[in-house]
Protein chains: 2
Amino acid sequence: MKRDTKRDLAGLGEFGFIARMARPFLQSLPAGVEGIGDDCAVLPWTKRERLLVTTDMLIEDRHFIRKRISPVDLGYKSLVVNLSDIAAMGGRPRWALLSIGIPAGIELDWLDGFFKGWRDAAKPSGVCLVGGDTTKSPGGIVINVVVIGTVRAGREKLRSAARPGDVIVVTGRLGDSRAGLCILLGGDVRDRDEARLIRVHHRPSPHLEEGKWLGSYPSVRAMMDVSDGIDSDLRRIMERSNVGAGVDLEKLPLSPALVRVARRRCFDPIETAAAGGEDYCLLLTVAPGKFDSLSAAFSRRFGRPLAAIGTIRRKSEGLRYFLAGRPVRFKSRGFDHFK
Amino acid sequence: MKRDTKRDLAGLGEFGFIARMARPFLQSLPAGVEGIGDDCAVLPWTKRERLLVTTDMLIEDRHFIRKRISPVDLGYKSLVVNLSDIAAMGGRPRWALLSIGIPAGIELDWLDGFFKGWRDAAKPSGVCLVGGDTTKSPGGIVINVVVIGTVRAGREKLRSAARPGDVIVVTGRLGDSRAGLCILLGGDVRDRDEARLIRVHHRPSPHLEEGKWLGSYPSVRAMMDVSDGIDSDLRRIMERSNVGAGVDLEKLPLSPALVRVARRRCFDPIETAAAGGEDYCLLLTVAPGKFDSLSAAFSRRFGRPLAAIGTIRRKSEGLRYFLAGRPVRFKSRGFDHFK
């Protein structure tokens, strides 16, 4: 029976689509399995360990422009975005699968570069490529990466564990990647600061050691990686944890390069930091009263502090932004893959 | 350093490409891991069980034509081709991931159909959808499916275990799917036989119970599923096992529908059976002297016999075909995704 109104995805958005399609599947999941809706699926295995699985699809002209990214950087980034999801669960990456659809005219040099970049990302993380699929693509390049990892049972950090009063924390600077992308699309790189921001966009570091370390602290409650921008990502934690959040915009950690480039190019670095994505640092919530000692220990371990950027609030308060204590309104929102 | 000659994939082919790219990764695999080159990657886990992982990428206009396959059949088949890889290892499928790239203009009705077909395939196999990725696609529909399964340690069946003298066996009829595809592309379905062949093409059954059952017999040596056609797939077993093979063409199991349609449409059903793909039955080798008792037990369990179609030979003999005991030459070859 065909419905009489045409419906498409535009009105639903990516997250609405996932919620709608996922419902019948989530209802039938066996106990002990965390399915759709977190950085990774969590699967039961041994008594002591859980399996983590994550996947990302990258399509040419949607996620990257072939002429604007070297094959080395693309190979690197294809793997790193998935490693970052394992980091977000406090896990250790172990195995990877790569499916790649290759258009006519792609040369072996390009593929050699891609695999060089992949190895650059794989080596420090210890992840092994164990399988995949290759095919010709009648359109552009298509890449699908899967990473399988493990985490000590009970240490996996979910998006659903935030509680009102928790401190909202990030493990790295925000906005560099988005600013780098804008400069890249503009096509006019003016100085070393701008080259640095592009580098951050192409060569993000997955916070694997940070994630594993944070995973071992019970005071760390919810955790995820910053892929769509904190404005969007924080909403995922809010939905899954049934809470609201307040963010103090002046506390968002900005790099000196971002601040200088923003001044010269006349854009708002704070807005870029909040709504820009692909930072691939971690966004977490910490139990009230535990942040200072956690941040001090983090500094000793990693040589830089954690940044407290706000507080988890009651659900009814929604997501609110403050500048010097005053509520402010925010124009742009994080990236939705269907808009 | 850029090389001075342009090289592309046309001359290398899919299997050459995989072999070339996989080499540096295979060299660095830890002990106990079977990587690229089999139906699934085999990963170590508990003492008693191994993890199996497989993935397949389907791209519109390469693997399917949107107007020629219903969303229900596409959803069904996307999962089944991966379940078949688990069957080929003697394993049990458990979890699945689905990445899907969706072009503008795809309606929710289409997606509802796709997920209905997915569930039709998932339900009898017990596999759970636990994650994935959704994104807009600027080109056609892109689907990437991953299935994770398990197998009792020591029961996993690899492509590398065939030995000269083994009987070559298939668990189902060959050629129906390819004939169905040809009729579909011709666009002119003449009778119920032809509709039945198209149905086999769109709704293949993964041989999961057969695979698990065969996996428990030590006399079953190498095993894989028939995805590219036995002419191509048998070469994979030959490469991995370092052997040759002889196939008796008159022993290939053909359906009555295929024989009738071939007669009316004037094509050679035996060639279709050998070079056509997507049968998704199992291709295995059985230790000499063990076939008759295995086939009798298989018949009791599944209500149909196994088909012995030839013998594994020494490597130097390559792949040879016989008709009534006489060597014959063969024009077409199995499907290579880069040609």
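In chain A, the domain assignment gives domain 1, residues 13–152, and domain 2, residues 159–328. Please bear in mind throughout that this is a predicted model. Between the C-alpha centres of domain 1 and domain 2 of chain A there are 22 Å.

How do the two domains of chain A meet? On the side of domain 1, 20 residues are in contact with 20 residues of domain 2. Two elements of chain A, helix H2 (71–88) and strand S3 (92–103), each give two or more residues to the side of domain 1 that touches domain 2. The largest share of that side, ten residues, comes from H2(A).

Leaving aside residues up to four places away in sequence, Ala96(A) touches Leu79(A), Val127(A), Cys128(A), Leu129(A), Val130(A), Val145(A), Val146(A) and Val147(A). In soluble globular proteins, nonpolar side chains tend to be buried together.

Finally, I draw your attention to the loop between helix H9 (269–275) and strand S9 (282–286) of chain A, where Glu278(A) is found. Glu278(A) is not a glycine, yet has a positive phi of about 60°. Tyr280(A) lies in the loop between H9 and S9 of chain A, and has a positive phi of about 55° although it is not a glycine either. Most residues other than glycine have a negative phi.

Are these residues buried or exposed? Glu278(A) is buried, because 23 other C-beta atoms lie within 10 Å. Tyr280(A) also counts as buried, with 24 C-beta neighbours inside 10 Å.

Methods: Residues numbered from 1 in each chain as written. Chains lettered and ligands numbered in written order. Predicted model: local features only at pLDDT ≥ 70, side-chain atom pairs only at ≥ 80, totals over all residues. Domains from an automatic or database assignment. Contact = placed C-beta atoms within 7 Å. Helix = DSSP H or I, 4+ residues; strand = E, 2+ residues; numbered from the N terminus. Buried ≥ 20, exposed ≤ 12 C-beta atoms within 10 Å, placed from the backbone.
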